[in-house]
Amino acid sequence: MAAPTDCSLIATDLDGTLLRGDDTLSDRSLAALALAARAGARHLVVTGRPAPRVRPLLDGLGATGLAVCGQGAQVYEAGTDRLLWSVTLDRELAETALGKIEAEVGELYAAVDQDGVDGLTLIEPGYLMPHPTLPAVRVERRDELWVRPISKVLLRHPHLTDDELAATARSVVGSLATVTMSGPGTVELQPYGVTKATGLALAAEHLGLEAGRTVAFGDMPNDIPMFDWAAHGVAMANAHPELKAVADEVTTSNEDDGVAIVLERLFGGTGRHVPPHVLPRPRSGRVSR
């Protein structure tokens, strides 16, 4: 599908998509977002990071609008530092789901993101944060993970790949939770039925914007629902094969300003350094809208 020529909403993942590996935005990406804003388009961050882990980035951008956080479990308003909408993962269901997965694959290491604008990320012994720059609090026992309402559980296995762990988790969890894979070392359990698409749809409705005028950018399988919702899905060159398979287009990597290249093309920027291999790709298995 061709990108909408009257794009009014740009939805971007953060890690592996808009952000470079050092958690910064390039000057070119910032300029491209400013170009889109001058043309009247809104930008929404749609990320797996919980609101407290997104707030510093939004502060640095001077952003005061909405962001979709926690894999769609939170719609956060930066200007007022409040959640307009949030849904939690039932902690008993989370424990049950975790037990079912461990019965299949052996011992796991777990972490949780607490709900709320001041929620902490708690990690049990053995769990290694996939993003060492993000703050976390280590607890001594797993039962300490459940002391406050949570938005999701993060899982790591000492030997299985992310794809293997996610596939096994989906096979045994059923309707206890939604299983997502959002980055290297990041398999997650979130409230059942909650995805980036559900959060994005709520935020877009709040802004009076439509799926048919939305371009979405991502790099991992957790971005698939967002691509299914948006009119046009752009995968990064570094994206997981599952996302590339359903993308309308593949751009360059997050390190090579892939988001900026597409925005410059859509909104009349320079479009410089666009490599010839960045072409629309046929999609397979796209969920119809």
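Arg 55 and Asp 81 form a salt bridge, with the closest N and O atoms 2.8 Å apart (a side-chain nitrogen of Lys or Arg within 4 Å of a carboxyl oxygen of Asp or Glu). Arg 55 lies in helix 3 (residues 51-61) and Asp 81 in the loop between strand 4 (74-77) and strand 5 (82-86), so the pair ties together parts that are 26 residues apart in sequence. Arg 55 is buried at 19% relative accessible area, whereas Asp 81 is partly exposed at 33% (buried, under 20%; exposed, over 50%; partly exposed, in between; 1.4 Å probe, protein chains only). Helices (H or I, at least four residues) and strands (E, at least two) are DSSP runs, numbered from the N terminus.

The model is predicted, with local features requiring pLDDT of at least 70 and side-chain atom pairs pLDDT 80 or more, while totals for chains, interfaces and linings use all residues. Residues are numbered from 1 along each chain as its sequence is written, and side-chain values use heavy atoms, without hydrogens and water.

In the whole structure, 16 salt bridges are found. One of them joins Lys 196 and Asp 223 at 2.7 Å, N to O. Both Lys 196 and Asp 223 are buried, and salt bridges with shared partners link Asp 13, Lys 196 and Asp 223 into one network.

Helix 2 (residues 27-38) packs against helix 9 (residues 258-267) at an angle of about 30°, their axes being 9 Å apart (axes are lines fitted to C-alpha atoms, for helices over the stretch in contact; angles run from 0 to 180 degrees between N-to-C directions).
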